[in-house]
Amino acid sequence: MRVLVTGGAGFIGSEIVRTLTSAGHEAVVLDALLPSAHGGAADRPDSGIIVADVRDREAVDRALRGIDAVCHQAAMVGLGKDFADAPLYVGCNDLGTAVLLAAAAGAGVRNLVLAGSMVVYGEGRYECPLHGPVRPGPRAEADLAEGRFEPLCPSCGTELTPGLVGEDAPVDPRNVYATTKLAQEHLAASWTRATGGRAVSLRYHNVYGPGMPRDTPYAGVASFFRSSLARGESPQVFEDGAQRRDFVHVRDVAAANAVALEAVGGLRPGSFAAYNTGSGEPHTIGEMAAELASAHGGPAPRITGEYRLGDVRHVTADSRRLREELGWKPTMGFAEGMAEFAAAPQRDMAASPAR
Ligand SMILES: NC(=O)c1ccc[n+]([C@@H]2O[C@H](COP(=O)([O-])OP(=O)(O)OC[C@H]3O[C@@H](n4cnc5c(N)ncnc54)[C@H](O)[C@@H]3O)[C@@H](O)[C@H]2O)c1
Ligand SMILES: [Zn+2]
């Protein structure tokens, strides 16, 4: 199979390229080498990849020649600096996806695997002892400022128990990035209906592992902690550290992409399917910081009580559908993965991107 991997010079994309290549597939990489993801590396000419933006229709048309499937990883990630970043996110992620899909339609490419995200769910799934499953709204700034981090039942104000989110949970994006990730799925679903294409969105949970970028406002929490440790500083854990997440290793995510690319051609034309992609082993952010710090040999994390308004309290995946329907199985355990991550280099923002 010849696969166009957009964003293939990034953290997850470059691991997908390695996985596909070692399985005997051919990967064509198109990546704009965004400065927010690659720092100074964006200035360098690079060989072996097409350095172009997914919004550049001509470049995408050329990249699509002879392609059997598209694996769309290119996106601006993270929460960004502030709302001023919104046009950048929407441009890269949504206009970019629209241009890519229009080009794919023109080129007769019908199979798409999309890098989705758990951020589409907003606050995960909760149970109230009285009201059953409930969906708390966004947390109030006044509560966060007072250190009241747990969302309460919207009907009775009782403390809730977090549970696992399934793919059929209602979507509820809580920030600009999340909104753009949801719009990518909606564009992909519209594309399948309009063209008879087939699309799979893998809703990744918190991906970590070697090659993560150093900390920028555009990276994830594992990257911040790892960068602090590398500087000899304590990881700064926001809120009280009890936020639950599912940390999934980048090689498991790359393997999920490989099985999705194998499977997508067998779907019914016009169909779109979403799959949660998580380890199935939820942990708190505080536990992750402690595990990483101890594997690194210190210093120990510090709980700061700080908060970011766009953050959700708990969101953990139920990834059964991906296991049962596509036969994917994560192989990296939490302690083993964090030990490897603590020792592995991060992507040097000033050097050439990892491939
Ligand atoms: N890292 C995570 O935990 C996580 C979680 C959920 C979803 N995702 C999704 O996974 C995908 C890959 O993320 P990552 O963590 O590897 O980030 P990354 O920043 O390392 O990689 C993204 C790559 O896309 C490129 N890119 C961005 N916009 C582009 C554009 N308009 N045209 C061409 N190239 C462009 C960047 O230069 C970069 O190389 C993204 O779609 C992201 O939304 C990541
Ligand atoms: Zn209640």
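What radius of gyration would a compact globule with 355 residues have, and what value does the protein have? A compact globule of 355 residues would have a radius of gyration near 20 Å, and the protein, at 20 Å, agrees with this. The radius is taken over C-alpha atoms, and the globule rule is 2.2 Å times the number of residues to the power 0.38.

This is a predicted model, in which local features need pLDDT of at least 70 and side-chain atom pairs count only at pLDDT 80 or more, while totals for chains, interfaces and linings use all residues. Residues are numbered from 1 along each chain as its sequence is written, chains are lettered from A and ligands numbered from 1 in the order in which they are written, and side-chain values use heavy atoms, with hydrogens and water left out.

**Figure 1. The overall fold.** The protein contains 11 helices and 17 strands; these are DSSP runs (helices H or I, at least four residues; strands E, at least two), numbered from the N terminus. Along the principal axes, the C-alpha atoms fill a box of roughly 55 × 45 × 40 Å.

**Figure 2. The shell around ligand 1.** Among the 29 residues around ligand 1, those that come nearest are Phe11, Ile12, Asp31, His38 and Tyr177; a residue belongs here if one of its heavy atoms lies within 4 Å of the ligand. At least two shell residues come from each of α1 (11–22), α2 (35–38), β5 (111–117), α6 (176–195) and β10 (206–208). Strand β5 supplies the largest share, 3 residues.

**Figure 3. Polar contacts of ligand 1.** A polar contact is a pair of N or O atoms within 3.5 Å. One oxygen atom of ligand 1 lies 2.8 Å from a backbone N or O atom of Phe11. A polar backbone atom of Ala32 is 3.0 Å from a nitrogen atom of the ligand. From Lys181, a polar side-chain atom lies 2.8 Å from an oxygen atom of ligand 1. The protein covers 94% of the 820 Å² of accessible area that ligand 1 has on its own, by the Shrake-Rupley method with a 1.4 Å probe.

**Figure 4. The largest cavity.** A cavity is a set of points on a 1 Å grid over the protein atoms alone where a 1.4 Å probe fits but cannot get out, and lining residues have an atom within 4 Å of a point. The largest cavity holds about 50 Å³ of space, the volume being that filled by probe spheres set on the points. Strand β13 (residues 247–249) gives the most to its lining, with 3 residues. Other lining residues include Tyr208, Asp252, Glu281 and Phe334.

Notes
A polar contact is a pair of N or O atoms within 3.5 Å; within protein, one must be able to donate a hydrogen and the other to accept it, and residues adjacent in sequence count only if both atoms are side-chain atoms. On a 1 Å grid over the protein atoms alone, a cavity is a set of points where a 1.4 Å probe fits but cannot get out, and a pocket is an open set with protein on both sides within 12 Å along at least five of seven lines; lining residues have an atom within 4 Å of a point.
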